[in-house]
Amino acid sequence: MILKYLLILSISIIALSFVGCKKDDDDNPETGTDTTDYEIPDYADDYSDIASWSDRGSWNLANVHDPSVAYYDGYYYMYGTDASYGNVHEGHGHFFYRRSNDLVSWNFKNSSMGEDEPDWIADSLNSIRSYYELESIDEDDLSLGYWAPVVRNYNGTYRMYYSVVVDNYIGSGAENTTANFDNTWTERAFIGLRESTDLSGNDWTDKGMVVCSVSDKEYNASVNGTGSGTNKPWYRSSSDNYDAYFKYNAIDPSYIITPGGEHWLIYGSWHSGIVALQLNPDTGLPLVDFDLEDESTWGKRIATRDASSRWQGSEAPEIIYNGSTGYYYLFMAYDDLAIPYNTRVCRSVNVDGPYYDYLGTNISDDGGECFPVITHPYQFNDHSGWVGISHCCIFQNETSADWFYASQARLPANTNGNAYSNSIMMGHVRKVRWTDDGWPVVMPERYAAVPQDNISSEDLVGTWEHITLNYEYGVQQQSSELVLSSDGKATGALTGSWSYDEEEKILTIGSCKLCVERELDWEADPREPTIVYAGLNSSGISLWGKKSQS
């Protein structure tokens, strides 16, 4: 179906010791962090020593993939894809979740869906196969992948839209393996809906299918039902052919309720782009009944990387509305998830577009690379750094209203001598700041609830590690030295005069305005608080900095 589904490796697990961060306090939600008693998180970035299922109580943010965060009764609940180092989730259900009261310490809970798939999946698939005069696939023979849930609150009802990918060949119905390849594409993906009014009780009711992948390639039963294989619209010449049978890939849902009360599902992956589909607020299902033959019911394309391509490296839409700026923001993941994964963002005054990027490109109609790049593979000193940083969720802190970005990140291959370390997926939560012209920037260090003592100009004087997140496929951008002198001069990675607005926490170096925060230096040994910055240059490239501790 897509490269994503081939990259979660089955690998062996080593069982050693682990020191975890403190767990959430079930009797005292929303405790936050006392600035007089600050505890530095001490969980390991390389969690291979505690990756087994029996150690899940110590995972914290280990084995996070495609996260979605919702707030309920004093806790933040994080749901994600069925992906884990060593595939240790297998056999334990789907859409695992954890919760936190401070966004730093996360307590792994359980699966939110049992191992038995909903009946509607096989029923819907075989109904469609019958329509195309194809034989049914027995429910026990279905090869299913469960991916990328999104959870949102609507008047006390939490709606989870989730992806189910059917990884059987269209022609034979056989499981997708090299030996079974029959010169057809694999079957469609579905997006389903579940609802709950009690996240703590993990009580969900399935509402069935919302939308599925559909092809716009003409089907004629008299020709395609009896003709030779190459006449069938789902014919695939080889496994290296990426001309995409389905127009839109029905995975990676995001869900938004507009200020005016409209409900929209945003979805799509690779294939032809990202789609917006309006929903019925009462049911959470499409406002207009989904129809295999009516393309208008599949949704409206609102973003594409290449308007002429049926197979493009863009997926994982996440949409929010920021009332302070008046824009809808569409975040997307570009490229392959193992290493080059990076996050882009565009915006619009309308939920269904057109969306424009930082440089004025119409991403809805014309498509393009889409800037800003707000996360990208990177490496500060004294650490392996991180790759595969995308498929994000964006949410606000319930008490401070600060914005946050959460996604998975992967360690590079051969970290700590582990040939499979690129399958180590750690959840990253990062604070988001907004530029004065209304674009989001993501902090270079993970959020750790560091006490936000006042930052003065004198605090900024010294040596920094600076990273320019230039887009380079599969390349980790390295840090270089920047020096801010007490005489107001900047030398090294950035040059010119510098000044600082203490009230707004804005550092200006030359023409670059950089948002400043106190965060944790995760690369230091031992870890300790430091000062960081994030901003954009005129080309829409993120600038990251961390003050050195030496």
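Predicted model: local features only at pLDDT ≥ 70, side-chain atom pairs only at ≥ 80, totals over all residues.
Reader: How do I read the nonpolar cores, and which residues have the most contacts inside the largest one?

Author: In soluble globular proteins, nonpolar side chains tend to be buried together. In this chain, the largest core has 63 residues, and Phe 331 is among those with the most contacts inside it, along with Tyr 47, Leu 61, Met 78, Tyr 378, Phe 395 and Val 429. Strands that each supply at least two residues of this core include S2 (75-79), S14 (327-334) and S18 (387-396). There's also a second, separate core of 55 residues, with Met 113 and Tyr 255 among its members.

Reader: And the overall shape: what radius of gyration does the chain have, against what a compact globule would have?

Author: The chain has 23 Å; with 550 residues a compact globule would be near 24 Å, so the two agree. Buried residues make up 59% of the chain, and the secondary structure comes to 3 helices and 30 strands.

Reader: Last one: how many disulfides does the structure hold?

Author: A disulfide is a covalent bond between the sulfur atoms of two cysteines. This structure holds 0. For Cys 393, the nearest cysteine sulfur belongs to Cys 392, 6.9 Å away, while the cut-off is 2.5 Å. Cys 393 is also buried, at 3% relative accessible area.

Definitions and conventions
Residues numbered from 1 in each chain as written. Heavy atoms only, no water. Buried < 20%, exposed > 50% of the residue type's maximum accessible area, 1.4 Å probe, protein only. Core = buried A, V, L, I, M, F, W, Y, C linked by side-chain atoms within 4.5 Å. Helix = DSSP H or I, 4+ residues; strand = E, 2+ residues; numbered from the N terminus. Rg over C-alpha atoms; globule rule 2.2 N^0.38 Å.
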